[in-house]
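The following paragraphs are intended to lead a new reader through the structure displayed below.

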Amino acid sequence: MMSNPGSCDDHLDAGCSATSDAHGHRPVMLGEIVDLLAPRAGESVIDLTAGRGGHAAALAAMVGATGVLTLFDRDPANLSYACARVTATPLAPRVQPIHADFRSVGLMMPPGAPPANAVLADLGFASTQVDDPARGLAFSHDGPLDMRLDPTRGETAAQLVARLDERELADIIFHYGEDPFARRIARNIAQTRARVPISTTGQLASLVRESYGARASASRLHPATRTFMALRIAVNDELGALEGLVAAVRDAALAAASGSPTWLAAGARVAIMSFHSLEDRIVKRAFAQMIEAGWAESLTRKPVEASPTEVGANPRARSAKLRAIRLVR
Ligand SMILES: C[S@@+](CC[C@H](N)C(=O)[O-])C[C@H]1O[C@@H](n2cnc3c(N)ncnc32)[C@H](O)[C@@H]1O
């Protein structure tokens, strides 16, 4: 299921070199994250969602050559890219790339790795993943209906859409996508797949548009926006992964509070940035429990949001909510 930590070279693919530019994905709330995590020279930092390495490069510059930066990503191409980008920075820290789902962070830290002083999770996907039609994440480009963030394993969206019954599909589209037409879309999917397999993003997008009928033109968003988001969340079990991550942080916070060795250092800062209300609810509850138990203190009284200037330059930042805690011991 997961690969062991290695060097950047183990993860380099043909499309990535140490001199590649990271254009194409803008790190959201970079200044706010750096201020909250405040990594110091020589510290150990984990970026659980390395992506295109935007946040990682800034964190690497702060810990410097005596520091350690562990990078996780479930997308091997992004992990390679981020790893190469960070390694190419002047005075780069020791970089440990780990191709894994972040829910297993507690198990995956390399033996002998120093406990982390700062941890970041910037949830969701990078814009470069959505812009690649082969990944099947966007209704705006026709491509295979895939949607996996880790294209090396797991069920694709096409397989999920073929397997689930109509009611399960409707529940996913309703709960994760909050689409008022969820039942109608699921019925249309079930009727269509009885005739022909649904295997491309274009097919799914036009089927959803059809389900909206005359309301399609009145909708501010493309009618397929919510269905695609819902299926992406389901294909990648994104809420399950986040539940696993906050459980790992909670276990480490308890261990740290009881003086047992764990993957988080005393006083570690943990920041999680989410883009969906269901994700933010999971983070809010988990952090509140740790604060209530006396294992952590809050670094963000309210969730931090991107400034209007940032949202103007990067509309994806609009829905970002950033929460952070610090372990008390
Ligand atoms: C928003 S991007 C991160 C962007 C990054 N902070 C930057 O500045 O370039 C999210 C990344 O997290 C990865 N990802 C999403 N869920 C994950 C999970 N459960 N475990 C590991 N990586 C995950 C995605 O593949 C994607 O590369």
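In this predicted model, seven strands form an open sheet with mixed pairing, and their order across the sheet is 3-2-1-4-5-7-6. The edges are formed by strand 3 (94–99) and strand 6 (296–298), each of which pairs on one side only. From one strand to the next, the twist averages 15°.

Strand 4, which spans residues 116–122, and strand 5, which spans residues 264–274, pair in the parallel sense over six bridges. Within this pairing, L120 stands opposite A271 of strand 5, and A121 stands opposite I272 of strand 5.

Strand 5 is also joined to strand 7, again by six bridges, but here the two strands run antiparallel. R269 has R326 of strand 7 as its bridge partner, while A271 stands opposite A324 of strand 7. A271 can therefore be located from both sides, since it faces L120 as well as A324.

Strand 7 (321–327) leads in turn to strand 6, to which it is joined by three bridges in an antiparallel arrangement. In this pair, A296 stands opposite L327 of strand 7.

How enclosed are these strands? A residue is counted as buried if 20 or more other C-beta atoms lie within 10 Å of its own. Eight of the 11 residues of strand 5 are buried, so strand 5 is largely enclosed by the rest of the structure. For strand 7 the count is six of seven residues, and this strand is therefore also largely enclosed by the rest of the structure.

A helix accompanies this part of the sheet. Helix 12, comprising residues 238–257, lies across strand 4, strand 5, strand 6 and strand 7, and it runs at about 160° to strand 5.

The ligand may be considered next. It is surrounded by 21 residues, and the closest of them are P27, T49, G51, R52 and G54. Helix 3 (54–63) and strand 2 (68–73) each supply at least two residues of this shell.

At the level of the whole chain, the domain assignment gives two parts. Domain 1 comprises 8–128 + 238–327, whereas domain 2 comprises 152–235. The C-alpha centres of domain 1 and domain 2 lie 31 Å apart.

F139 lies in the loop between helix 6 (127–130) and helix 7 (157–163). When residues up to four places away in sequence are left aside, F139 touches T201, A205, H222, A224 and F228. The C-alpha atoms of F139 and T227 are separated by 9.7 Å, although these residues are 88 places apart along the chain.

Methods
Residues numbered from 1 in each chain as written. Predicted model: local features only at pLDDT ≥ 70, side-chain atom pairs only at ≥ 80, totals over all residues. Near = placed C-beta within 6 Å. Helix = DSSP H or I, 4+ residues; strand = E, 2+ residues; numbered from the N terminus. Domains from an automatic or database assignment. Pairing = 2+ DSSP bridges. Axes fitted to C-alpha atoms, helices over the stretch in contact; angles between N-to-C directions. Contact = placed C-beta atoms within 7 Å. Buried ≥ 20, exposed ≤ 12 C-beta atoms within 10 Å, placed from the backbone.
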